[in-house]
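Here's a quick briefing to read with the model open. Take a look at the fold first, then go through the points below.

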Amino acid sequence: MTERALRLGTRRSKLAMAQSGQVADAVRQLSGRPVELVEITTYGDVSREHLAQIGGTGVFVAALRDALLAGEVDFAVHSLKDLPTAQHPDLVLAAIPRREDPRDVLVARDGLTLDRLPEGARIGTGSPRRTAQLNAYARSHGLTIETVPIRGNIDTRVGYVHKGELDAVVLAAAGLRRIGRTDEVTDFLSVDSVLPAPGQGALAIECAASATDLVALLAGLDDPYTRAAVTAERSLLAALEAGCSAPVGALADLLAEDSGRGQTVTEMRLRGVVGTTDGSTLVQLSTTGPVPTSYDEAMALGRELADEMLAKGAAGLMGERAL
């Protein structure tokens with residue numbers, strides 16, 4: 001008798017379907033079992049409000065989690081940056097596969113790059129984090145820009161540029177890579193100018209904690225370095241008590257040295273930024289330490305940097321602190 005298909009819960013967007021399709025292929029290879037996609041509409045998909053208004057964290061996740069808890073799907077794929085930092089007591093993050101490019105990118109008219117934007121350029125983004133750092137970049141380069149709040153899928157956002165309504169939009173590199181549209185990128189933004197969202201570029205594969213066989217199977221897709229990095233980034237976010245609608249950027253990257261027999265990973269550097277959305281004030285710090293070998297060590301790295309940022313006045317820059 002053939003085993004029944006594993007049901008993978010996914011959002012309906014083109015990007016979500018592409019991400020989930022890639023995970024489904026990997027699970028099929030790993031398990032030899034059929035995997036079917038179950039499309040689920042989330043509140044974040046149907047609401048036309050800006051993310052900061054509808055609460056940000058979790059709006060793309062709740063419906064998928066409800067389907068998991070009700071047994072309608074066996075596992076779900078999320079963009080990790082959409083996931084609340086607090087773990088659900090009945091669900092487990094079974095795998096965090098190897099991360100895609102975490103950077104933000106510019107899709108601009110006439111092939112423009114960030115350093116060639118004209119005076120008064122209109123840049124579309126729905127993210128307070130991007131807004132804060134773009135405005136800070138403009139201030140430091142004596143440039144005046146206007147950030148315009150936008151929402152919608154990749155087609156909608158890029159369409160604002162094609163229609164001439166905006167000079168540029170900022171998107172995540174990972175999303176464009178996953179749907180094969182990096183040829184539209186006019187500039188990959190340096191993380192020295194714009195730090196990504198905590199967990200950006202990483203996927204989260206979640207299932208019921210009680211499904212122990214499935215948890216063990218999905219663990220085969222986990223990348224320990226990616227898990228350590230995003231755990232540190234999300235720990236920083238949680239310690240700052242900020243939801244994904246807060247202007248917080250974070251990136252943990254691995255530092256390697258050439259040992260003569262190839263690259264050996266030696267340390268992890270965690271960078272964090274929080275700022276006012278007008279870019280007038282940023283608190284930007286980093287810390288470097290041994291690569292965390294446990295969940296607790298990764299969490300400690302994030303908390304340590306958050307404490308330093310709070311001591312430098314980060315709390316006062318985030319507006320209303322989301323619980």
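The protein chain folds into 10 helices and 13 strands, where helices (H or I, at least four residues) and strands (E, at least two) are DSSP runs numbered from the N terminus. This is a predicted model, so to speak of local features takes pLDDT of at least 70 and side-chain atom pairs count only at pLDDT 80 or more, while totals for chains, interfaces and linings use all residues. Residues are numbered from 1 along each chain as its sequence is written, and side-chain values use heavy atoms, with hydrogens and water left out.

**Chain overview**
- Of the 323 residues in the protein chain, 52% are buried, meaning under 20% relative accessible area with a 1.4 Å probe, protein chains only (exposed is over 50%, partly exposed in between).
- Take the contacts (heavy atoms within 4.5 Å) between residues at least 6 apart in sequence: 71% of them join residues at least 24 apart.

**The five-stranded sheet**
- An open sheet of 5 strands runs in the order β7-β6-β8-β5-β9, with mixed pairing; two strands pair if DSSP finds at least two bridges between them.
- β7 (145-148) and β9 (187-188) sit at the edges with a single partner strand each, so one side of each has no neighbour in the sheet.
- Strands β5 (residues 104-108) and β8 (residues 168-172) run antiparallel and are joined by 5 bridges; valine 107 has valine 169 in β8 as its bridge partner.
- Helix α5 (residues 128-140) packs on the sheet, touching β5, β6 (121-124), β7 and β8, and its direction makes about 175 degrees with that of β7. Axes here are lines fitted to C-alpha atoms, for helices over the stretch in contact, and angles run from 0 to 180 degrees between N-to-C directions.
- Helix α6 (residues 154-162) also packs on the sheet, touching β5 and β8, at about 155 degrees to the direction of β8.

**Around aspartate 74**
- Aspartate 74 lies in the loop between α4 (62-69) and β3 (75-79), and is buried, with a relative accessible area of 13%.
- Leaving out residues up to four places away in sequence, aspartate 74 touches Arg4, Ala5, Leu6, Arg7, Leu68, Cys207, Ala208 and Leu214.
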